[in-house]
Amino acid sequence: MRMSVIGCGYLGAVHAAAMASIGHEVVGIDVDESKVARLSRGEAPFFEPGLDDLLRSGIADGRLSFSTDMADAVGAEVHFLAVGTPQSSDGDAADLRFVWAAVEGLLPHLRQGDVVAGKSTVPVGTAEEIADRIASAGATLVWNPEFLREGWAVHDTLTPDRIVVGVPDGDAGLRAAGMLRSAYRTAAETDTPFLVTDLATAELVKGAANAFLATKISFINAMAEIADAAGADVTLLAEALGHDGRIGHRYLGSGIGFGGGCLPKDIRAFAARAEALGRGESVGFLREVDAINLRRRDRAVQLVIDALGGRVFGRRVAVLGAAFKPFSDDIRDSPALDVAVRLRGLGADVVVADPAAIDNAEAAHPQLAYARATDDALRDADAVVVVTEWDEYRRDLTPAHAGSLVRQRVVIDGRNCLDAAAWRAAGWTYRGMGRR
Ligand code: UGA
């Protein structure tokens, strides 16, 4: 099939490359010239394992190209909308400016019978509004939410857990669902569940999925608060809970909480939309989920203050991690960087290390000091704070080696990812988040 992907960020670039890799002819379109130039050279403009290879082979095969010109979408049968929907600057709702700009930009280039597939995360009801504009060009709008995780984006795009397609009523909707089935033919061949719904349900599936994941993380972090007060260990609690098949182990990782470009803004937008629908009370708990999550950052900072005897001013603190999670260079709403910024604000001499996100972190927070090598961050530190559970810290950093570099053996494990017993045995004062 011939396809266009409008918006080549974390979602669109991966989607374009993945679609080309399964045999489609794809053009990715973005307004950012430097991003398009990099993508056209086969270079991922952000850290995403496996994406460079996919880009290069798609371009070499002649199936994948990138452009800044919306007119290059002409001829595609399916147009995916993959632009960002950040949080509004003046509230919790989603800012749909880029979605509407993409729709209006695409409109003159649509042809009778084309399908426009929205992948951006939007508040329920948005698709219904866009559908009329798309129909005015003789095309059909479907909503096809994306569930990929950064760091696993290639894997999640090529082998999704499920494919959801919301379609309008009638023949046009059925035909569009058939085209999406062809677009995702490889997934369909492996019996990936393919759910066809109405437009509103498809939009809701995405919001509800992220709300559920955020709630699960905040649930275990709330238990970490209780564990702290009661002298229990939240990691053992999570282990025991997860063995119940109805609960499961995934997304029970406690620590400084969730961040990134999705979960935080999506739960706020979801709550804002529910309020606009007169159903704010139905998801009132999401406000609590958000509050629990943000308290985790305060807690991590407090642990550092306590560990340093009540005052961090002038003390050197090595912050290991800047990305919002491992295998990503994304620092949007990163709890890791937030902890670093707060400690710096309290006068600590903070040095941040991260295997992938230093450039992004430095651009956003030039007031912080950065170290390219972990050892340089650790040297002469009075406290070490692990805030992103990269393998480099969780697995590769030994307490003995770290101990040979620091001034004082104090470690705060903001992700509950270190072997507490091993660090204590090596003479470290170890503090986790909700761990004895
Ligand atoms: C999330 C969802 O997992 C995807 O399904 C969804 O498609 C995506 O948002 C999106 O809406 O685009 P992502 O933001 O890439 O994906 O990252 P996650 O792996 O979900 O992690 C989110 C945050 O939660 C990270 O800060 C991570 O450190 C934190 N987390 C995750 C925990 O604190 N504990 C856990 O057990 C798991």
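**Legends to the views of the predicted model**

**View 1. Secondary structure of the protein.** The protein has 18 helices and 14 strands; helices (H or I, at least four residues) and strands (E, at least two) are DSSP runs, numbered from the N terminus. This is a predicted model, in which local features need pLDDT of at least 70 and side-chain atom pairs pLDDT 80 or more, while totals for chains, interfaces and linings use all residues. Residue numbers start from 1 along each chain as its sequence is written, and side-chain values use heavy atoms, without hydrogens and water.

**View 2. Overall dimensions.** Along the principal axes, the C-alpha atoms fill a box of roughly 70 × 50 × 40 Å.

View 3. Domain 1 spans 2-197 and domain 2 spans 198-436, with bounds from an automatic or database domain assignment. Their centres, taken over C-alpha atoms, are 31 Å apart. Across the boundary, 35 residues of domain 1 are in contact (heavy atoms within 4.5 Å) with 29 residues of domain 2.

**View 4. Burial and contacts.** Of the 436 residues, 54% count as buried, that is, under 20% relative accessible area with a 1.4 Å probe, protein chains only. Among contacts between residues at least 6 apart in sequence, 72% join residues at least 24 apart.

Note on methods
Buried means under 20% relative accessible area, exposed over 50%, partly exposed in between (1.4 Å probe, protein chains only).
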